[in-house]
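Biologist: I have a model open and want to learn how to read it. Where do we start?

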Amino acid sequence: MITPTLERVVYMAGYASNKSAQRVHDDLWARVLALRTAETNIVLAAVDLIGLNRLHCQAIENAVQAQTGLPIKLLISCSHTHFGPDTIGLWGATQTESGVDPHYMDFLKATIITAAIDAVQNATQPVHCRSAAIEVTGVAKNYRDPQITDEEATCLQFLTPDEQPFATLVIYPCHPEGVHPDSRDISCDYVYALRQHIEATIGGAALFMPGALGGMMSPDLPEPTHAEAAKMGNTIAEASIRALANQPRQPIETVNYHRAEFAIPMQNMLFQMATNLGLLPNLMDTEGNITSETGLIQIGDTWLATVPGELLPRLGLQIKAELKQAGAKIAGVVGLANDELGYILPEDDFIFPEDWLNPGKQYEESMSIGPATAPRLLAALQRLLSANSDDSRHKK
Ligand SMILES: [Zn+2]
């Protein structure tokens, strides 16, 4: 559990500055699942936060490797809940102060490290898996580009030898921001009910990761309340349970997690200002580039592309098509994976804001590293796919 104590001031991330949490509606979690084969050690960590930059993710992975002595690859994906603490630095008491509490960050990192080590050491159970993809319509909307939507839930379930669900991962491309923006309740938003419903109905643990939720996949609810967010979570959970029940159970023969780094020129004036003010860590190299990563996770014929931020749905659809072309049966995208670079827009959809402080229709651009992010990411992912597609495996 990673709920912050309210004995300290907790600045809430995602909407406005100077919004302090008043109560806990539901707890925040880091849900961790270890997948071990003779060759691979992977830990999937689904974390209820606005996002975590790559420095933190790498520090956590390094600590887990050092303490287990194993070359564990960690995938940390944040749900992007807008009702958790500021872990990025943009939502403090004023616009020029960070809202990040270093005490909370220490607690957070220690909690994820301990959970990951426990999961690795207890990963002794042989498991089967099944996966499914299902359209869940009527709960989300693309507010930037209403005609481009991705409403597909990607579901992956691990089963014990006696066919009981051990863990169920659901990926859905929508911002956890169904509750009113003024709410000062700590909450996972719709993700809370989504996981509860799965765990109460079929047992085992439920994990949630966001898909291509960027620009601007957001809940489409009758009113911005916890009750409506819960209905949304239940709808996605029910659809996921139904879709998985129809799928055959398969032994897990291959588990791979390949990663590729890429550099992006920092072209965002707001992020540069925030870095100069000390709100964001300075991650730029001497040429003004930020280095991030993408990944390809292959669990049997279910393939997941991991992306370091909030991918716009058009790119999510494109990547899923590319994964299928390369050999995936079920294809998914995991957002905010091992980094949070903000929005990742198609290059041809990127218009530099005239006024960075009042970007209007260019809001997503104002929260993006720059137009080079998507092409660099797609090229890095292509490299991973051509090295690890079915074709290349057969040729070996
Ligand atoms: Zn967002």
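Biologist: Is Tyr-343 buried or exposed?

Modeller: Buried means under 20% relative accessible area. In this predicted model, Tyr-343 has 4% relative accessibility, so Tyr-343 counts as buried. His-175 is buried too, at 0%.

Biologist: Which residues coordinate the zinc ion?

Modeller: Look for donor atoms around the metal. Here they come from His-80 (NE2), His-175 (NE2), Glu-310 (OE) and Tyr-343 (OH). They sit at 2.0 to 2.7 Å. Along the chain, the donors follow the spacing H-x94-H-x134-E-x32-Y.

Biologist: What does the pair of His-175 and Tyr-343 tie together?

Modeller: Check which element holds each residue. His-175 is in the loop between strand E8 (165-172) and strand E9 (185-186). Tyr-343 belongs to strand E18 (residues 343-344). The pair therefore ties together parts 168 residues apart in sequence.

Biologist: Why is the arrangement around the zinc ion irregular?

Modeller: Read the angles. Four donors count as tetrahedral if all angles lie between 85 and 135 degrees. The four donor atoms here subtend angles of 83 to 179 degrees, which makes the arrangement irregular.

Biologist: What is the strand order in the open sheet of five strands?

Modeller: Read across the sheet, strand by strand. The order is E10-E8-E7-E5-E12, and the pairing is mixed. Strand E10 (205-210) and strand E12 (250-251) are the edges, each pairing on one side only.

Biologist: How many bridges join E8 to E10?

Modeller: Six, and the two strands run parallel.

Biologist: Which strands does helix H4 (residues 226-245) lie across?

Modeller: Strand E5 (128-135), strand E7 (152-159) and E8. Helix H4 runs at about 125 degrees to E5.

Notes: Residues numbered from 1 in each chain as written. Predicted model: local features only at pLDDT ≥ 70, side-chain atom pairs only at ≥ 80, totals over all residues. Heavy atoms only, no water. Donors = N, O, S within 2.8 Å, 3.2 Å for Na, K, Ca; no water. Tetrahedral: all angles 85-135°; square planar, octahedral: opposite > 155°, others 65-115°. Helix = DSSP H or I, 4+ residues; strand = E, 2+ residues; numbered from the N terminus. Buried < 20%, exposed > 50% of the residue type's maximum accessible area, 1.4 Å probe, protein only. Pairing = 2+ DSSP bridges. Contact = heavy atoms within 4.5 Å. Axes fitted to C-alpha atoms, helices over the stretch in contact; angles between N-to-C directions.
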